[in-house]
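Here is a short tour of aromatic contacts for your next look at the model. Have the sequence and the 3D view open as you read.

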Amino acid sequence: ILAARHIFMGVGGIYCAWRLIKSSASFSDLGFHATGFQKSLASIITPSALILLFTYLVFLFTPYNTLKFFVGYDSLPTVDFTKRILAYMFLSAPVQELIFRGYITWRIKEVYQNPKEIEYLSVALFTLAHLPFHSPLILIVTFFMGLVYIKNYEKYQNIYTVIISHAIVGAGLIMIRNAWFPF
């Protein structure tokens, strides 16, 4: 499943787009607008930097064998490391955010009215989607950033900043991982 995740994400993205087209959701409903961009970006910078620092410190101070367990594995073959980073930043992160913050959050709101239920369910689904990596570290990072992303998205209704943060944090994590465990 992990090696074919790009296919699952692509199919999931197409399904979400199809469901959105068939429904009454607009791009603005999903957070595709400039309103609140600067405040949203200012709000998300610190937690994004802190999670990268946390991850770097975990890598720096954790013994190698223990670190191997915490990091998990990635079975997606990539010939070119630069292409891997660019694909993550410009394909994976935007599609994930469209699915998890845009579509899934929008659908959850159709069923639940309580903001906490919406947040917890959104974060739980986002975290569960990262289980195939078999990485406790990824699950911790995904859970924490999932909370940051949904709170930011709900407060500012701007998906652009969440996509930017997800792309930068994910690329940073890939680079940190690659420094210890080259792809």
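How many aromatic pairs does the structure hold? The structure holds nine aromatic pairs, where rings of Phe, Tyr and Trp (its six-membered ring) pair if their centres lie within 6.5 Å, with planes under 30 degrees apart counted as stacked, over 60 as edge-to-face and the rest as tilted.

This is a predicted model, in which local features need pLDDT of at least 70 and side-chain atom pairs count only at pLDDT 80 or more, while totals for chains, interfaces and linings use all residues. Residues are numbered from 1 along each chain as its sequence is written, and side-chain values use heavy atoms, leaving out hydrogens and water.

**F32 and Y160**
- The ring centres of F32 and Y160 are 5.6 Å apart and the planes meet at 75°, so this pair is edge-to-face.
- F32 lies in the loop between α1 (5–22) and α2 (37–61) and Y160 in helix α7 (residues 159–180), so the pair ties together parts 128 residues apart in sequence; helices (H or I, at least four residues) are DSSP runs, numbered from the N terminus.
- F32 is partly exposed at 23% relative accessible area, and so is Y160 at 35% (partly exposed lies between buried, under 20%, and exposed, over 50%, with a 1.4 Å probe and protein chains only).

**Y56 and W180**
- Y56 and W180 also pair edge-to-face, 6.0 Å centre to centre with 70° between the planes.
- Y56 sits in helix α2 and W180 in helix α7, so parts 124 residues apart in sequence are tied together.

**Other ring contacts**
- One aromatic cluster is formed by Y15, W18, Y103 and W106.
- The charged end of R101 sits over the ring of F126, 4.3 Å from its centre (CZ of Arg or NZ of Lys within 6 Å of the ring centre and within 35 degrees of the ring normal).

Key: Helix = DSSP H or I, 4+ residues; strand = E, 2+ residues; numbered from the N terminus.
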